Amino acid sequence: MDYDMLVIGSGPSGRRAAVQSAKLGKSVLVADRGRRLGGVSVHTGTIPSKTLRETVLNLSGWRERGFYGRGYRVKQDISVGDLIERLHKTLDHEVEVLQHQFMRNTVKSARATVKFLGPNSASLTTDTGDYSEVGFAHALIAVGTRPHRPRDVPFDKLRVFDSDEMLELERLPRTLTVIGAGVIGVEYATIFSALDVPVTLVEPRDTILDFVDREIVDDFLHQMRDRGMTIRLGSAIKEIASKPNYAEVTLADGRSIRSEMVLYAAGRTGNVGALGLDVVGIEADSRGRIKVDPQTFRTSAPNIYAAGDVIGFPSLASTSMEQGRVAACHAFGVPLPPPPETFPYGIYAVPEISTVGQSEEQVREGGGAYEVGVARFRETSRGHIMGVNTGFLKLLFSIETRRLLGAHIVGEGATELIHIGQAVINLGGTVDFFVNNTFNYPTLAEAYKIAGLDAWNRMGRA
């Protein structure tokens with residue numbers, strides 16, 4: 001059978017591309033080799049880790065410790081079963097919603113591995129070996145990524161785990177070492193730290209989260225260290241060994257770290273191995289990433305697109321969805337306005353980090369005069385009510401145009417609050433918006449007014 005659009009993978013970008021194509025009246029087939037629809041995002045990535053985080057914060061009483069002290073807990077003995085029960089409920093609901101969405105839009109789906117046979121045909125092979133062939137006018141590669149697993153790391157699901165395997169733990173570790181301080185590494189490190197598990201975070205580079213404003217990162221590092229996490233930056237890994245009773249990580253400087261478990265979270269690799277990309281003239285790099293046109297997401301094959309984590313940075317579910325939609329619209333000749341210059345990043349660590357627009361380092365490199373406004377959550381009445389002692393909002397304004405250039409938050413609710421800054425930046429708003437508008441009181445969002453006034457007091461009237 002022939003389809004107008006063949007979507008390979010049912011994660012955020014594949015799902016959005018499939019529905020967008022169907023909305024345009026096109027026939028669509030989504031093929032995914034996973035056990036259920038949803039891709040990495042639903043089953044091993046975004047949704048599970050964020051569900052785990054929310055469950056940990058609720059059961060541990062983390063948010064109330066500002067009032068009741070660091071020893072406070074809602075549930076004294078938290079088990080893996082407590083975490084997994086909520087996780088499965090959430091995942092089941094996500095899959096049901098996706099299946100219903102496909103059904104409403106007459107999107108067909110198949111559980112199968114896809115391999116290109118030519119520029120307009122592909123084979124589908126199921127787990128049971130059933131083989132079929134389909135034709136397509138356009139295709140979208142949305143196969144996502146998997147954890148990078150170097151051969152010299154002894155993954156055994158007993159002492160040494162990758163980030164996917166962390167969702168299959170049979171018990172909580174008494175101590176944990178996390179290797180890799182990227183987004184996934186810091187999220188898991190801080191989640192387990194919130195469970196009062198002693199955590200050591202190891203990063204070979206001297207810095208972490210380089211795309212985030214440095215002042216935000218410095219505060220984040222301070223908060224992690226303040227609650228007892230050990231952080232080893234600039235520490236290359238010499239060896240990881242799985243022993244009968246512990247795991248040992250030896251660093252290049254001779255130091256060693258012993259812990260009950262190790263999470264290796266240093267990078268990811270695209271799931272492109274089985275696609276037969278050479279048949280259609282598409283090349284992937286050493287980490288399985290596919291190069292695309294950044295405006296249309298078209299690959300080197302004119303009728304084949306790629307979107308989501310498989311094309312690399314920023315590898316966010318939110319941006320992946322938009323990439324899938326844009327690719328589908330371009331494939332079927334639907335004109336789109338240019339995308340906004342900025343979009344938000346969200347890091348669901350404990351505490352959250354979220355950022356939009358230019359960092360102070362980028363503003364400084366641009367050479368224009370600027371001013372900074374800061375509001376600390378503990379200065380807000382809502383912060384007092386919630387018992388929030390940490391976290392702040394940072395706004396960057398151009399002195400010449402008075403426009404908001406960047407908004408950066410570390411602390412409770414950061415990923416929700418950031419959208420106010422996003423809207424103001426993309427609509428060309430200035431510092432005067434924050435000064436002249438009324439915000440609900442008491443809210444954490446009121447921090448925008450406080451930070452706006454902080455900058456305005458030094459900038460003066462327009």
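**Close-up 1. The loop that holds Asp-196.** Asp-196 is located in the loop that runs between H6 and strand E10 (199–203). In this predicted model, the residue has a positive phi of about 70°, although Asp-196 is not a glycine.

**Close-up 2. Helix H3 packed against helix H6.** Helix H6 covers residues 183–194, and H3 packs with H6 at an angle of about 20°, the two axes lying 9 Å apart. Because angles under 35 degrees count as roughly parallel, H3 is roughly parallel to H6. The crossing in which H3 passes H6 is left-handed. On the H3 side the contact is formed by Ser-49, Lys-50, Leu-52, Arg-53, Val-56, Leu-57 and Ser-60, and on the H6 side by Glu-187, Tyr-188, Ile-191 and Ala-194. Sorted by class, the residues in the contact of H3 with H6 are six nonpolar, two polar and three charged.

**Close-up 3. Helix H3 packed against helix H5.** Here H3 (residues 46–60) is shown with helix H5 (residues 80–104), the pair packing at an angle of about 135° with axes 9 Å apart. H3 and H5 are therefore oblique to each other, and their crossing is right-handed. From H3, the residues that meet H5 are Ile-47, Pro-48, Thr-51, Leu-52, Glu-54, Thr-55, Val-56, Asn-58 and Leu-59, while H5 contributes Asp-82, Leu-83, Arg-86, Leu-87, Thr-90, Leu-91 and Glu-94. By class, the contact of H3 with H5 is made up of eight nonpolar, four polar and four charged residues. Leu-52 and Val-56 of H3 are listed among the residues that meet H5, and Leu-52 and Val-56 are also listed in the contact of H3 with H6.

**Close-up 4. The aromatic pair Phe-155 and Tyr-264.** The count of aromatic pairs in the model comes to nine. In the pair shown, the ring centres of Phe-155 and Tyr-264 are 5.9 Å apart and the ring planes stand at 90°, so the pair is edge-to-face. Phe-155 belongs to the loop between strand E7 (145–147) and strand E8 (160–162), whereas Tyr-264 belongs to strand E15 (residues 261–264), so the pair ties together parts that are 109 residues apart in sequence.

Close-up 5. Phe-313 and Pro-314 are joined by a cis peptide bond, for which omega is about 10°. Pro-314 sits in the loop between strand E17 (304–306) and helix H8 (317–331). The peptide bond that runs from Val-350 to Pro-351 is likewise cis, with omega near 10°, and Pro-351 sits in the loop between strand E18 (345–347) and strand E19 (353–357).

Close-up 6. The UniProt record, an unreviewed entry, places the feature "domain: Pyridine nucleotide-disulphide oxidoreductase dimerisation" at residues 344–449. Over this stretch of the chain, 33% is helix and 27% is strand, and the C-alpha atoms at the ends are 20 Å apart. Ala-369 is found in the loop between helix H9 (360–366) and strand E20 (370–376). Apart from neighbours within four places in sequence, the residues in contact with Ala-369 are Phe-397, Ser-398, Ile-399 and Glu-400. The C-alpha atom of Ala-369 is separated by 49 Å from that of His-93, and these two residues are 276 residues apart along the chain.

Definitions and conventions: Residues numbered from 1 in each chain as written. Predicted model: local features only at pLDDT ≥ 70, side-chain atom pairs only at ≥ 80, totals over all residues. Heavy atoms only, no water. Axes fitted to C-alpha atoms, helices over the stretch in contact; angles between N-to-C directions. Helix = DSSP H or I, 4+ residues; strand = E, 2+ residues; numbered from the N terminus. Parallel < 35°, antiparallel > 145°, perpendicular 65-115°, else oblique. Left-handed = near helix turned anticlockwise from the far one by under 90°. Contact = heavy atoms within 4.5 Å. Nonpolar A, V, L, I, M, F, W, Y, C, P; charged D, E, K, R; others polar. UniProt positions renumbered as here; feature names shortened; annotations may be inferred. Phe/Tyr/Trp six-rings, centres within 6.5 Å; stacked < 30°, edge-to-face > 60°.
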